[in-house]
Amino acid sequence: MFVVDQLIMLAAILILLGILSSKLSARLGLPMLVLFLLVGMLAGEDGLGRIAFDSPQAAHALGTLALALILFDGGLQTPVQSIKQVWKPASLLATLGVLTTALVTGVAASYILQISLLEGLLLGAIVGSTDAAAVFSLLRNAGINLNSRLKSTLEIESASNDPMAIFLTVGLLEILLNGLKPGIGLLQLFVLQMGLGAVVGLAVGYGIVNIINRIHLQANGLYPVMVTASGLLAFGVAANLGGSGFLAVFICGVMVGNARFVFQRTTFLFHDGLAWLSQITMFVMLGLLITPSSLLEVWWQGLLIAAVLVFVARPVAVLPVLKCFGFNSREMALVSWVGLRGSVPIILAIFPLMFGLASAELIFNVVFFVVLISATLQGSTLAWVARKLDLIAKLPPKAPATLEITSLGEVDAEIVEYTLSDNSRAVNRRLARMALPEGAVVAMITRGEKVIPPRGSTVLQAQDHLFVVMKNDYKTIVEQVFADKGFEPAKATAELRLKGTSTLSDIDWCFALNLTALHSDISLEQLCKNQLADNLAERQQFMFGQYRFEVAEMVGERVTTVLLHQAVAAPIIQAPAV
């Protein structure tokens, strides 16, 4: 038997054990990263498996690859709207917050461990970033949802603070080992890391979105692989130019995730699975790397440093920033508590081992212990703290089924799922009375565990999930049809392409255009015939009230499609009294 055969079998067993251990996460109230680490520790040379793994270089290589894939997936799932909403507080937390955390924790660590101040600051920088994946996977498993601003702040901060921690770690190692000057030299390194990382991420992200929508690959399964390769390309180019590869791969993910491209949902599902595989592999490997007995040698120092990090450094870093942006005391308390440490600190703790720093082993063991304490303490109490602070928002309904168009870029259509709220204007109305624009068709309705065939007589109910096939630019219009009562129509919608069978009352109900006062029960087809009389033909227009109507399509004598222009224009044919 070849050695690789044994390695494949061991890797499969460890990954399966990691996946199975995730089932215990919700029951135990622990983040999955803790369970993955425990699987690795139990399989290691001090555990039941007796697997010997002592290669910081291999751990660094695999950990860097896994972390790049995790950050890329995080970027794919980060909406630009969330970034716009909270980019100021989140960016300050991701930079100034990490720096403050590193300083406070580092000074304390130098005294507790009796090491130099620079080595203490190095430890503080290593544990400076938080782990968003662990936090929100735990919140989802516990059935907890935060308000949009609070959740977005935590997500964007956690997703974007890794590059700052990596920069501080690399910079301090340069000072300790290569004599880099802390002032100008460190500032130049910061500008180079962040600037190149951002530029490369934007450039690669923009380029791949334009390429993927123009290229026609023979195998559909190559599209997700192509997106993955683009993320790794962004990381590699930035890192080789001296920039932050982790910042580049995250920004590239944001660029790709917020663009429209073919096989988008398939790509997202592929990367979600890839990110989970990366997390399991990385944490199990890191569990193998640590010798559990060595943690007992630093347990009390680790406890003290973890206490400083959780109860002093994190609040000091968070409270002044959030206070400036109008967060209330309960929100600030939760953000202070959500300082869950995860994969990045352990990966960064390998750096000193690789470069032969004298205190490297001590720093690695302490960091590992601090991560375990932080993840266990904060992770297991996060749901309780959120409830006590009364910050739990109502969970949004989720669709029990999803659909996706499997077509290439030249097809100008997509399938969008809408969930009807209790206050939706579509509730208790027949589907035939929903004035969907021409070219939008309800393909399927799911209600609980049932699939309801969409017919004109189907009465829509709250919590129904409607899957609508529509043209790409119809989202805003269709959203108005199924929105809550009182929803303001989008100002940008200047033209509605409607079916001739839609009545004015139905159009008014769906779009709040005040047409009922003009004529409620008449259809658009009949309105056109009444207004145009002998002039009825395609492209003919007339004014009716404050709106301009245009006959867009006819089949024989039937008017099938009508354009309703919401902008007031000079009448082509003045409407007579009806």
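Let's start at Glu-157, which is buried at a relative accessible area of 1%. Buried here means under 20% relative accessible area, exposed means over 50%, and partly exposed is in between, with a 1.4 Å probe and protein chains only. Arg-314 is buried too, at 4%. The two form a salt bridge, with their closest N and O atoms 2.8 Å apart. This pair links distant parts of the chain: Glu-157 sits in helix H8, residues 148-160, and Arg-314 in helix H15, residues 299-324, 157 residues apart. By salt bridge I mean a side-chain nitrogen of Lys or Arg within 4 Å of a carboxyl oxygen of Asp or Glu. Helices (H or I, at least four residues) and strands (E, at least two) are DSSP runs, numbered from the N terminus.

A word on the model. It is predicted, so local features need pLDDT of at least 70 and side-chain atom pairs count only at pLDDT 80 or more, while totals for chains, interfaces and linings use all residues. Residues are numbered from 1 along each chain as its sequence is written, and side-chain values use heavy atoms, with hydrogens and water left out.

Back to the charges. How many salt bridges are there by this rule? The count is eight. Next, Arg-497. It forms a salt bridge with Glu-438, closest N and O atoms 3.0 Å apart. Arg-497 lies in strand S5, residues 495-499, and Glu-438 in the loop between strand S1 (414-419) and strand S2 (441-447), so the pair ties together parts 59 residues apart in sequence. Arg-497 also bridges to Glu-553, at 2.9 Å between the closest N and O atoms. Glu-438 is partly exposed at 22%, and Glu-553 is partly exposed at 32%. Elsewhere, Arg-429, Arg-433 and Asp-506 are linked in a network of salt bridges.

Stay with the strands. S5 and S8 run antiparallel, joined by five bridges. Two strands pair if DSSP finds at least two bridges between them. Glu-495 has His-565 in S8 as its bridge partner. S7 and S8 also run antiparallel, with seven bridges. There, Val-551 partners Val-562 of S8. The S7 and S8 hairpin has two residues between the strands, and Gly-556 takes a positive phi near 65°. S8 covers residues 558-565 and is mostly covered, with six of its eight residues buried.

Now helix H9, residues 162-178. Its 17 residues reach 23 Å from first C-alpha to last, close to the 24 Å expected at 1.5 Å a residue. The expected span is 1.5 Å times one less than the number of residues. Twelve of the 17 residues in H9 are buried, including Phe-167, Leu-172 and Ile-175. Just after H9, Gly-179 takes a positive phi of about 75°.

Last, the cores. A nonpolar core is a set of buried Ala, Val, Leu, Ile, Met, Phe, Trp, Tyr and Cys residues joined through side-chain atoms within 4.5 Å. Which residues touch the most other members of the largest one? Leu-286 and Phe-368, out of 99 residues. Helix H18, residues 360-388, gives the most to this core, with eleven residues. Leaving aside neighbours within four places in sequence, Phe-368 is in contact (heavy atoms within 4.5 Å) with residues including Leu-37, Met-41, Leu-286 and Ile-346. A second, separate core has 44 residues, among them Tyr-418, Val-427, Ile-522 and Leu-524.
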